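Please examine the model below before reading on.

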Amino acid sequence: MDRTSTPEPSHPSPSPSAPSLRTVAVIGLGTMGTGLAEVLTLAGRDVVGIDVSDAAALRAGAALEAATARAVERGRITEAERRAALARFRTSRELSAAADADLVIEVVPEDYDLKHEVFTALDAVVRPTAILATGTNALSVTRLAADSARPERVLGLHFFNPAPAMRLVEVVSSVLTAPDAVAAVTELARELGKEPVAVGDRPGFVADGLLFGYLNQAAAMYEARYATREDIDAAMRLGCGLPMGPLALLDLIGIDTARTVLEAMYAASHDRLHAPAPVLGQLAAAGLTGRKAGRGFYSYEAAGSSVVVPDADTPVTGEGSPAGAAGREVRAVGVAGSGTMASGIAEVFAKAGYRVVLAARSQEKADAAKARIAKSLARAVAKGRLTDVRADAALAAVTPAGSLDAFADVDLAIEAVAEDLEVKQQLFAALDKVCRPGAVLATTTSSLPVVACARATSRPQDVVGMHFFNPAPAMKLVEVVRTVLTADDVHATVRAVCARVGKHPVDCGDRAGFIVNALLFPYLNNAIKMVQEHYASLDEIDAAMKLGGGYPMGPFELLDVVGLDVSLAIEKVLHREFRDPGLAPAPLLEHLVAAGCLGRKTGRGFREYARA
């Protein structure tokens with residue numbers, strides 16, 4: 001599958017000893033086949049590229065010449081190595097050209113009949129010892145193997161696009177695959193500078209098995225008009241550190257391809273999370289398949305272009321901010337809480353020039369929270385991100401208080417207390433009494449209904465969600481959550497405030513998980529199910545998502561950082577809200593939480609950690 005921007009490809013030098021898989025035939029010279037040809041020739045393999053289209057063969061040759069020229073310019077290979085690599089590549093229209101290949105890799109379109117035709121024809125062409133690999137990520141490797149005259153020599157070899165840059169290779173065995181064939185292609189992957197992960201035969205394997213459910217949910221979220229395409233994509237980039245948002249990624253992969261993968265996954269799992277969102281079928285039927293067509297979820301400069309151009313759905317006021325109501329003036333901000341999130345939010349507003357009141361349950365706790373801000377500002381100065389003058393001014397702008405009474409004159413009050421609805425409702429009832437009329441009251445909840453907090457006050461129109469992400473000083477995203485009662489000028493106020501403090505606001509409605517957690521936690525839950533079902537190990541899944549999906553952390557690394565108890569609580573909220581059986585928390589997660597294994601904070605979660 002196509003992926004996002006990736007590191008520069010490495011070009012391993014040819015092995016000094018003659019490799020067992022010396023000659024490789026690549027069937028299908030599209031983007032993936034051309035990329036494989038580059039990887040293989042630069043690693044010293046003789047490659048025959050086979051395609052029924054002369055134009056495809058010409059494009060592949062030209063692409064290989066251009067790629068190797070760039071590698072010379074950047075000092076990654078010499079001109080002599082480039083000439084040698086080009087000499088190792090030839091093309092043909094006929095499958096018979098694969099007769100002498102040690103390994104055949106087919107990367108034709110994701111159509112079972114087409115792949116079956118290729119494998120059946122290869123039976124009459126290749127040597128008995130040749131290994132036949134399919135590049136599928138959606139179809140059954142076992143079925144292709146069973147239809148072959150040599151099922152023990154058939155396996156899956158799933159590279160990721162662009163093949164020269166992406167390090168992950170999923171090596172897919174069926175119950176029929178001979179161990180020596182698996183060992184041979186695994187060693188080849190390592191010699192190509194890749195990271196092979198051994199997986200069993202099921203649709204999507206590891207990386208796409210987790211990725212496509214997430215992409216599908218994002219498409220469904222967009223289709224329901226819960227959030228705009230720009231806000232969904234910005235939320236996942238800024239809130240999770242992903243290199244590309246899900247809808248932009250669907251356009252890159254190809255909406256028709258994504259739907260094919262999801263159909264195969266749903267046929268195997270019957271999980272509603274894998275049932276393709278209707279919008280995918282509608283776009284595919286209309287020929288709006290993404291970048292390759294020039295239009296999908298977004299519109300592009302031309303077919304095949306990556307340049308997004310405005311269309312009828314593009315926000316007209318920039319940054320996705322709606323035109324309309326003017327906001328209220330905000331000069332002083334109150335932050336309720338004494339934990340990491342509260343002190344982080346207070347720091348954000350103080351650095352932006354606001355007067356900040358930081359209120360906790362006692363003066364001692366409030367003073368401790370301000371001390372935490374002082375340490376954070378000192379670190380920023382030490383790293384050159386802040387001047388001493390600005391740090392001193394920010395710290396001076398924060399007034400610690402041991403009571404909410406200090407919020408009497410604030411224009412915006414933000415609560416960042418425990419994620420407990422009763423606690424938050426009590427706090428909002430207190431804010432209602434303390435804060436002046438017209439003050440905006442905001443909750444930072446990540447999973448609780450904002451309207452329930454609003455109804456604890458006599459002014460629900462003044463209540464809004466402002467979901468900051470941890471650590472607040474570093475993370476740019478804020479989910480702005482409107483309830484059905486939130487006033488337009490309150491919504492406009494918090495968006496303007498977010499812009500002033502250097503955050504990117506995204507709009508969403510008041511439902512469980514908002515954007516980020518509603519898309520992130522089902523993905524994490526599905527990763528746990530993979531381990532629970534003994535399909536893959538923690539390390540294999542984490543590696544697959546980092547190397548194949550561009551994730552900054554693997555799902556189990558992230559779960560241990562977030563906290564398994566927090567993750568379980570969010571999973572339960574999502575399951576309760578959407579009533580989807582596929583969202584039910586994985587039993588393994590529940591068992592670990594019951595055992596007190598909560599992640600890094602307890603020294604043990606999915607992995608064990610050294611105690612400080």
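## A bridge between two strands

Val-335 has Ile-414, in β14, as its bridge partner. This bridge belongs to a pairing in which strand β11 (residues 332-336) and strand β14 (residues 412-415) run parallel and are joined by 4 bridges; two strands pair if DSSP finds at least two bridges between them. Strands (E, at least two residues) and helices (H or I, at least four) are DSSP runs, numbered from the N terminus.

The model is predicted, so local features need pLDDT of at least 70 and side-chain atom pairs count only at pLDDT 80 or more, while totals for chains, interfaces and linings use all residues. Residues are numbered from 1 along each chain as its sequence is written, and side-chain values use heavy atoms, with hydrogens and water left out.

## The sheet and its helix

The open sheet has 8 strands with mixed pairing, in the order β13-β12-β11-β14-β15-β16-β17-β18. Because β13 (398-401) and β18 (504-509) each have a single partner strand, one side of each of these edge strands is left without a neighbour in the sheet. From one strand to the next, the twist averages 25°.

Helix α13 (residues 363-382) lies across β12 (355-359) and β13, and runs at about 155° to β13; axes are lines fitted to C-alpha atoms, for helices over the stretch in contact, and angles run from 0 to 180 degrees between N-to-C directions.

## Asp-462

Asp-462, in the loop between α16 (450-454) and β16 (463-468), counts as buried at 5% relative accessibility (buried means under 20% relative accessible area, with a 1.4 Å probe and protein chains only). Beyond its neighbours within four places in sequence, Asp-462 is in contact (heavy atoms within 4.5 Å) with Arg-328, Gly-438, Ala-439, Val-440, Leu-441 and Val-490.

Notes: Buried means under 20% relative accessible area, exposed over 50%, partly exposed in between (1.4 Å probe, protein chains only).
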